[in-house]
Amino acid sequence: NDLSNLVLAESESEHQNFHKDLQSRAFDLVRLGCIEFNHATKQYFINPQFTINNFEISLGFEDVSIKQKKCLVSSRSEVDIVSEVIKGVFLSAPMIASCMDTVTNADFCNLLARLGGLGILHRAFTSDEAYTLECSKLLGEWRACAIGISNRDLELSELLVRAGANILVYDVAHGYSDLAIEFGRKLKKKFPHVKLVLGNTNNVGLLHETYDFADGIRLGISNGSACETSNTAGCREKQFSVILKHKKLSKEFGVPIISDGSIKEPADFTKAIAAGANSIIAGKIFAACPESAAKI
C-alpha cells in the first residue's frame with residue numbers, strides 16, 4: 001500500500017507539472033497573438049490572421065483594386081448606397097466629415113446633413129461654453145459632437161446633450177484602453193438614448209469588449225493626411241486590412257464600423273465600403289470645400 005501511494009503521488013505531481021507547463025505555453029501563444037479570447041462565447045480561438053514565420057499582410061487602398069463584374073443597372077444613379085453608419089442612423093451618402101477645426105463648424109455640419117452626409121462638430125473651442133453654443137446651432141435629425149475621455153468630458157457631454165447633441169464620438173488617438181472602455185460604459189449608462197461611437201482602433205479586441213453598448217467603432221490609426229501618430233508613436237496599419245479584419249465581427253455583433261482616414265480619391269471610398277465599412281470619415285477632402293471651416 002505504501003508503495004502504490006508513492007507511485008500515485010508521483011503520478012499526480014507529474015500531471016500537475018504537465019498542466020502548469022501547458023498553461024504557460026498557452027499564455028505565450030496568447031501574448032504572441034496566435035490565440036485570442038472571444039468575450040462573447042468566453043472561449044479561446046486560433047487567430048486566423050496569425051502566422052508563425054510571417055508578419056500580417058497590411059494592405060492600403062492603393063494596394064487593391066475592384067474586380068469587374070457584369071453590370072445589372074442602366075445608370076449609376078440607380079444604385080442605392082444608403083447605409084446604417086451608426087446603430088439606428090442611416091445616411092443616403094455614408095460619408096462623415098472629421099471632427100477637425102479646419103473642417104466642421106455648425107454651418108458645414110448643417111450643409112452636409114442637407115446633402116445626406118454627416119459632420120462631427122470639432123471640440124477645439126476655447127471654452128465649454130463656446131462649444132455648447134456652437135452645438136446648439138446644429139440642425140437636422142442627427143447632431144454629432146466630438147468628446148475626449150477625461151472626467152471633465154463627462155460633464156461636457158451633459159452640456160452637449162442638453163444643447164441638442166444626440167451622437168457623441170470619441171476623438172482620441174488610442175481608443176482601445178481600459179480607460180476608454182470604462183468611460184464609454186459610464187457615458188452610455190448616463191445617456192442611454194444617445195448614440196456612442198468609440199475608437200480609434202486597429203485591434204478587433206475593442207469590438208469584442210464593447211459590442212454590448214457601442215453604437216459604432218472608428219477604425220484606423222495614423223492614416224489621415226494630417227495625422228502624426230505614426231511619426232510620434234510608430235503605430236500604424238494600412239486601412240484596407242484594418243477594415244477587412246473587422247468585417248465579420250461587425251456583422252456578427254451588429255455594430256457598424258467607420259473607416260477613418262486614407263481617403264485620397266473617390267475610389268478609396270468605394271474600396272472602403274467594399275472591404276466592409278459602413279461609412280468613411282475624411283478630413284482633407286472636406287477641408288478643401290469652400291464651405292468648410294478652413295480658412296481660404
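Residues are numbered from 1 along each chain as its sequence is written, and side-chain values use heavy atoms, with hydrogens and water left out. Because the model is predicted, local features need pLDDT of at least 70 and side-chain atom pairs count only at pLDDT 80 or more, while totals for chains, interfaces and linings use all residues.

Helices here are DSSP runs of H or I with at least four residues, strands are runs of E with at least two, and both are numbered from the N terminus. Within α2, Ala-106, Phe-108, Cys-109, Asn-110 and Leu-112 are buried; buried means under 20% relative accessible area, exposed means over 50%, and partly exposed lies in between, using a 1.4 Å probe and protein chains only. The cover over these buried residues includes β5 (95-97), β6 (118-121), α3 (128-135) and α10 (284-287), where contact means heavy atoms within 4.5 Å. After α2 comes Gly-116, with a positive phi near 100°.

A pair of aromatic rings is described by the distance of the centres and the angle of the planes. Rings of Phe, Tyr and Trp (its six-membered ring) pair if their centres lie within 6.5 Å; planes under 30 degrees apart count as stacked, over 60 as edge-to-face and the rest as tilted. By this rule there are four aromatic pairs. One of them joins Tyr-170 and Phe-183 in a tilted arrangement, 6.2 Å centre to centre with 50° between the planes. This pair links distant parts of the chain, with Tyr-170 in strand β8 (residues 167-170) and Phe-183 in helix α5 (residues 178-190), 13 residues apart. Both Tyr-170 and Phe-183 are buried. The pair of Tyr-211 and Phe-253 is stacked, because the ring centres are 4.2 Å apart and the planes meet at 10°. Here Tyr-211 sits in the loop between α6 (205-210) and β10 (216-219), and Phe-253 in helix α8 (residues 239-253), 42 residues away. Tyr-211 is partly exposed at 25% relative accessible area, whereas Phe-253 is buried at 16%.

Phe-183 also takes part in helix packing. Helix α4 (residues 151-162) packs against α5 at an angle of about 30°, with the axes 11 Å apart. Axes are lines fitted to C-alpha atoms, for helices over the stretch in contact, and angles run from 0 to 180 degrees between N-to-C directions. The two helices, α4 and α5, are therefore roughly parallel (under 35 degrees; over 145 is roughly antiparallel, 65 to 115 roughly perpendicular and the rest oblique). Asp-153, Leu-154, Ser-157 and Glu-158 of α4 meet Phe-183, Lys-186, Leu-187 and Lys-190 of α5.

Helices α8 and α9 (residues 266-275) pack at about 25°, with axes 8 Å apart, and are therefore roughly parallel to each other as well. Their contact involves Phe-240, Ile-243, Leu-244 and Lys-247 of α8 together with Lys-271, Ala-272, Ala-274 and Ala-275 of α9.

Finally, Asn-200 lies in strand β9 (residues 195-201) and is buried, with a relative accessible area of 8%. Residues touching Asn-200, beyond those up to four places away in sequence, include His-174, Tyr-176, Arg-218 and Asp-260.
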